[in-house]
Amino acid sequence: MNIFVLMKRTFDTEEKITIVDGKVSEEGAEFIINPYDEYAIEEAIQVRDKHGGEVTVVTVGNEDAEKELRTALAMGCDKAVLINIEDDVEEQDQYTTAKVLAEYLKDKNPDLILAGNVAIDGGSGQVGPRVAELLGIPYVTTITKLDIDGNKVTVIRDVEGDEEIIETSLPLLVTAQQGLNEPRYPSLPGIMKAKKKPLEELELDDLDLEEEDVEAKTKTIEVFLPPKREAGKILEGEIADQVKELVRLLRSEAKVV
Amino acid sequence: MDFTLPKEIEFLKENVRKFVKEVVDPVAMEIEENDQIPEHIIEKSKEMGLFGLSIPEEYGGLGLSMVGKCAIYEELGKTHNGYTTLIGAHTGIGTVGIVELGTEEQKRRYLPKMATGEWIGAFALTEPGAGSNAAALKTTAVRKGDRYIINGSKHYITNAVEAHVFTVMAVTDPSKGAKGITSFIVEKDFPGFILGKVERKMGLRGSHSAEIFFDNLEVPVENVLGKEGEGYVNALKILANGRAGLAARNLGSCIRLLEYCMEYAQQREQFGKPIFEQQAIQHMLAEMSMLIEVLRSITYRVAWMTDQKMRVVKEAAIAKLFGSEVYNKIADLAVQIHGGLGYMKDYPIERFYRDARITKIYEGTSEIQRNIIANELRKEYSKVRV
Ligand SMILES: Cc1cc2nc3c(=O)[nH]c(=O)nc-3n(C[C@H](O)[C@H](O)[C@H](O)COP(=O)(O)OP(=O)(O)OC[C@H]3O[C@@H](n4cnc5c(N)ncnc54)[C@H](O)[C@@H]3O)c2cc1C
């Protein structure tokens, strides 16, 4: 089976984040594989181990992403591809990424493409579905279980806490939701082996794309941190008085009722 | 001069850091309570490849340089020291003898299973009557045809409960003193091997040290490790090889303690401001930081020298000695900075404080390290006439 994983390098949102000149500052930020993409990588490896074939992990980014690609190789992916568009494209958005990925994938005959449900930085959840649309193949998002039997695929998807069972067929693109699996840690022998696995670097030119073809369709107006959380209020006194006070505050201060 | 770790080692190190933080740290309290490392944690550590740290690649290990090993030991030192000791004793004194001195056949029989952690290793030198004076062993090995018959006992043997493979030192020729000692590879299911009582210790919970008895234990001749009569030298070599690694583990524990202290000092308020604002506290933290940097330098320098095949007897003893003294000093300061909380079992500081203490005793006491250093000095300075 010819399996591809779409992977993004993101900053770790559990670490401290600062904004400088309207951008998340790279200084002091920790970078990781987007956690949802980790599920996608793990699932890809499991599918390959069960059904045979090869897993290629692809990212659109700059050379810093090499480290995350190596991590994916250390987990067990067979090949890695870095599509480095840093020097060619100034403004990027989900359209850019999807267009580049689709262009790369279109003559690769993928049977299965896995991506994360969302990237924890932008949180748009668009890249997976857009790639599938551009390639003209079916897609299922937020999956928590994947069963492949020949050409037939049975997927369980998370719909806001409920489950939907979908039957579909290969070729297929799915996006991974938390709960799909428990991603493995890259083992130390895996890391040593990853050194010898192929990591290919491509640029826009290699995909026969011009900057105009992939230019962002959206504009970022402003980037800001969420407002600081104020300390909570603890009401005191008789329970009946507390309820009255609460309703009053909900009306006058929070203005929600 | 270049003080950076090779990129590839840095990458291994980061991944071990993540593993330790996400997998081992959360069960540290449980290990402490139950005196037992949960089975699934050991399984995950095996999958991670941690048991093959010191074994060459051709036998299924990682084939790391000493610098590489130290980088990983540093990360392992940041978590529960009982866990660190299980892996440290296995990958250190438990396997190094076979790696350095084993025949091709011995390596092929033992190392692949030790690299995966299926077989845990231990090192059995110390006896009730032979501690610092390791040449005073009483355990005997008498050749009978194609076997040796071993009789005697050992105590305080780390991993004795978990181990399958023991590097055992025994006297083959009592007339020759230190030159009459031979090392053997002993498996726990050889007839005559008896596991004795498990020691109750001050710390290092989850790591078990025990007595072992040899009652006409039969060892095939092909299990002699190295040459007959070289067991004492072998033991010293194996211990010397482990010293940089122990220093690296201590370095990791010290770094972790500084992290706990920095976090606490900035958050704990007394007299209307964080205790970090008190110069007395700042000076303690500065002291910790200074000791850590010096320890880091000596540890990696010894590791680098080892990789260059340089003689490191003095430097390794200095690293072992300094590393354990610094760890104890820093653990003491860490308890002080945490005040009453530093004394409480619900918080990790007192555990590090107890676990630090053993590092001045095992793998050669601080006094013995000083003896080694002085001995080396005598040799160095007898060559130059001033
Ligand atoms: C938790 C734990 C784990 C251990 N694991 C192992 C293991 O896996 N394998 C193994 O073989 N052993 C192991 N040991 C044994 C350990 O290496 C010895 O305890 C150590 O070498 C000291 O020996 P001893 O306890 O007999 O003390 P002693 O040798 O009796 O020392 C007592 C004191 O006298 C001092 N002293 C002795 N001789 C001199 C001298 N010449 N100059 C100056 N001072 C001296 C010592 O420094 C010490 O302060 C372990 C011990 C412990 C506590």
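Biologist: Which residues of chain B does the UniProt annotation "domain: Acyl-CoA dehydrogenase/oxidase C-terminal" cover?

Modeller: Residues 229-376, according to an unreviewed UniProt entry. The model itself is predicted. In it, that span is 76% helix and 3% strand. Its end C-alpha atoms lie 24 Å apart.

Biologist: Into which domains is chain B divided?

Modeller: Domain 1 is 7-116, domain 2 is 121-228 and domain 3 is 233-381. The C-alpha centres of domains 1 and 3 of chain B lie 20 Å apart. Their contact takes 28 residues from domain 1 and 32 residues from domain 3.

Biologist: Why is the pair B:Arg354 and B:Glu32 called a salt bridge?

Modeller: The cut-off is 4 Å, from a side-chain nitrogen of Lys or Arg to a carboxyl oxygen of Asp or Glu. The closest N and O atoms of B:Arg354 and B:Glu32 are 3.0 Å apart. That value is within 4 Å, so the pair counts as a salt bridge. The rule finds two salt bridges across the interface of domain 1 and domain 3 of chain B. It also finds seven residue pairs in polar contact there, both residues at pLDDT 80 or more.

Biologist: Which helix gives the largest share of the domain 1 side that touches domain 3 in chain B?

Modeller: H4(B), with seven residues. By class, that side of domain 1 has eleven nonpolar, ten polar and seven charged residues.

Biologist: How much area do domain 1 and domain 3 of chain B bury between them?

Modeller: About 2,300 Å², with 62% of it on carbon and sulfur atoms. B:Met66, B:Glu74 and B:Lys78 supply 25% of the area that domain 1 buries there, more than any other three residues.

Biologist: What is buried between chain A and chain B?

Modeller: About 1,400 Å², of which carbon and sulfur atoms give 67%. The contact takes 14 residues from chain A and 20 residues from chain B.

Biologist: What makes A:Lys67 and B:Glu14 a salt bridge?

Modeller: Their side chains meet at 2.6 Å, N to O. The limit is 4 Å, so this Lys and Glu pair qualifies. Across the interface of chain A and chain B the rule finds four salt bridges. Five residue pairs are in polar contact, both residues at pLDDT 80 or more.

Biologist: Which elements of chain A give two or more residues to the side that touches chain B?

Modeller: Helix H2 (66-75) and helix H5 (188-194). H5(A) gives the most, with four residues. By class, that side has six nonpolar, two polar and six charged residues.

Note on methods: Residues numbered from 1 in each chain as written. Chains lettered and ligands numbered in written order. Predicted model: local features only at pLDDT ≥ 70, side-chain atom pairs only at ≥ 80, totals over all residues. Heavy atoms only, no water. Contact = heavy atoms within 4.5 Å. Buried area = accessible area lost by both parts, 1.4 Å probe. Polar contact = N/O pair within 3.5 Å; in protein donor to acceptor, adjacent residues only side chain to side chain. Nonpolar A, V, L, I, M, F, W, Y, C, P; charged D, E, K, R; others polar. UniProt positions renumbered as here; feature names shortened; annotations may be inferred. Domains from an automatic or database assignment.
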